[in-house]
Amino acid sequence: MAEHEKNGSYISGREARRITKFNRRVTRKLEKARADAARDERLYTTQMKDPNNIVEFDNVCTYFFSDVGVVKAVDGVNFSVPRHSTVGIVGESGCGKSVTSLSLMQLLQRPSGQTVGGEIRFNKGDGSAYNIVNTPNSIMEKIRGNRISMIFQEPMTALNPVFRIGQQINEVIELHNPEMSEADVKARTLEMLELVGIANKEGVYEMYPHELSGGMRQRICIAIALACSPSLIIADEPTTALDVTIQAQILDLLQNLKDRLQSSIMLITHDLGVVAGMADYVVVMYAGRVVEKGTADEIFHHPAHPYTIGLMRSKPVVGQKVDKLYNIPGSVPNPVAMPDYCYFRDRCEMQCERCKGKYPPEIRISPTHIVSCWNYMDEGTVLGFPKSVDVNTL
Ligand SMILES: Nc1ncnc2c1ncn2[C@@H]1O[C@H](COP(=O)(O)OP(=O)(O)OP(=O)(O)O)[C@@H](O)[C@H]1O
Ligand SMILES: [Mg+2]
């Protein structure tokens, strides 16, 4: 028997053909429904639940219709980003952090990646909102880069190697401000270069990305992201490719610019140190779901979910000597076949009788602190269960 047959991941030819046929039928139907919704303004405009939020994720489900089955990468995610604040999103690799932000930018790899349920509300500024899930591409093009912008992990791949730095920043400004003259665009680019701390701005304007260091390239990416004063900046692991001193500079820079432009930041990272230093609120994700959210103080000093407690224990502390760092036992369940009970149960050291039941609801244990764990049933208010989408009904 072949190795893959023994470990249960084997798919027969017949099964593979069934999956392909199913994916084709479902994704075609979803694409059509999306195109129809994009033509009807009522279907993509809505109201914010709280006008002080810039973005609200409401039970968002983003699935990938892959060759081995449906991957529920983001499944019933609920959280919001208040104005002028930094929200850190943490969780181990593969838990759905990037897919959450790509769903907000409508940059999923389609047609296999689809947001099949929930609403992503983006504040237009006056409390009315776009439901990004149904928003047509023509409007998304105006939102991306202008209202929401993104900073990626690898600044070398985010920049185009064959164009000069100046040209690349100019392009973004021109695109979103077609009325600006060439001289004004250049002046704005130089102003942005100065803002992100590039000393030799006239020189760097004429350079190519390979002539700059990693830290400088990331500064350029930040300049591009902030060129149009967006109301939300998504930073996906912005400092992972940089060394520690540069990392601190870049984070400082981001924080300063955020305050200056009065934007909000969605900071995605698996570095808890970065989140602790910057975030006002923290969202902890596990296997495509939010397991805990609260203020940075609540998450760092009073973590409630066993997974968050494990994450905190596994982070090294300066000045504290340990023989071996703690690691959470076991691994994340198979994304194609998630269990119908708590996804963390099989790795959990705090299991109780209730954990034998279905996936736990969200429980509010303080006005800002919400946790999805059966252990807190008697300590807070039950808010509701995450809503998954049954793909067979699509
Ligand atoms: N194009 C795709 N096709 C199929 N599955 C995908 C695709 N993109 C992401 N996934 C799956 O979605 C899940 C979430 O991925 P995501 O990239 O959001 O993780 P992440 O939390 O950002 O991890 P990391 O910290 O490594 O960046 C993973 O299980 C991944 O395999
Ligand atoms: Mg990622």
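Predicted model: local features only at pLDDT ≥ 70, side-chain atom pairs only at ≥ 80, totals over all residues.
**Figure 1. A closer look at the shell of ligand 1.** There are 17 residues around the ligand, and those that come nearest are Ala 73, Ser 93, Lys 97, Ser 98 and Val 99. What kinds of residue make up the shell around ligand 1? The shell divides into ten polar residues, six nonpolar and one charged.

**Figure 2. The largest nonpolar core.** As a general rule, nonpolar side chains in soluble globular proteins tend to be buried together. Here the largest nonpolar core has 91 residues, and the ones with the most contacts inside it are Ala 223, Met 266, Leu 267, Val 284 and Tyr 286. Helix α10 (residues 214–226) brings eight residues, the largest share of this core. Both domain 1 (34–286) and domain 2 (294–393) take part, with at least three residues from each.

**Figure 3. Met 266 and the residues it touches.** Leaving aside residues up to four places away in sequence, Met 266 touches Val 81, Val 87, Ile 89, Ser 101, Leu 232 and Ile 234.

**Figure 4. Helix α2 from end to end.** Follow helix α2 through residues 13–39: its 27 residues reach 39 Å from the first C-alpha to the last, close to the 39 Å expected at 1.5 Å a residue. Is α2 largely buried or in the open? Of its 27 residues, the number buried is one, so α2 lies largely in the open.

How values were computed: Residues numbered from 1 in each chain as written. Chains lettered and ligands numbered in written order. Helix = DSSP H or I, 4+ residues; strand = E, 2+ residues; numbered from the N terminus. Expected span 1.5 Å × (residues − 1). Buried ≥ 20, exposed ≤ 12 C-beta atoms within 10 Å, placed from the backbone. Core = buried A, V, L, I, M, F, W, Y, C linked by C-beta atoms within 7 Å. Domains from an automatic or database assignment. Contact = placed C-beta atoms within 7 Å. Near = placed C-beta within 6 Å. Nonpolar A, V, L, I, M, F, W, Y, C, P; charged D, E, K, R; others polar.
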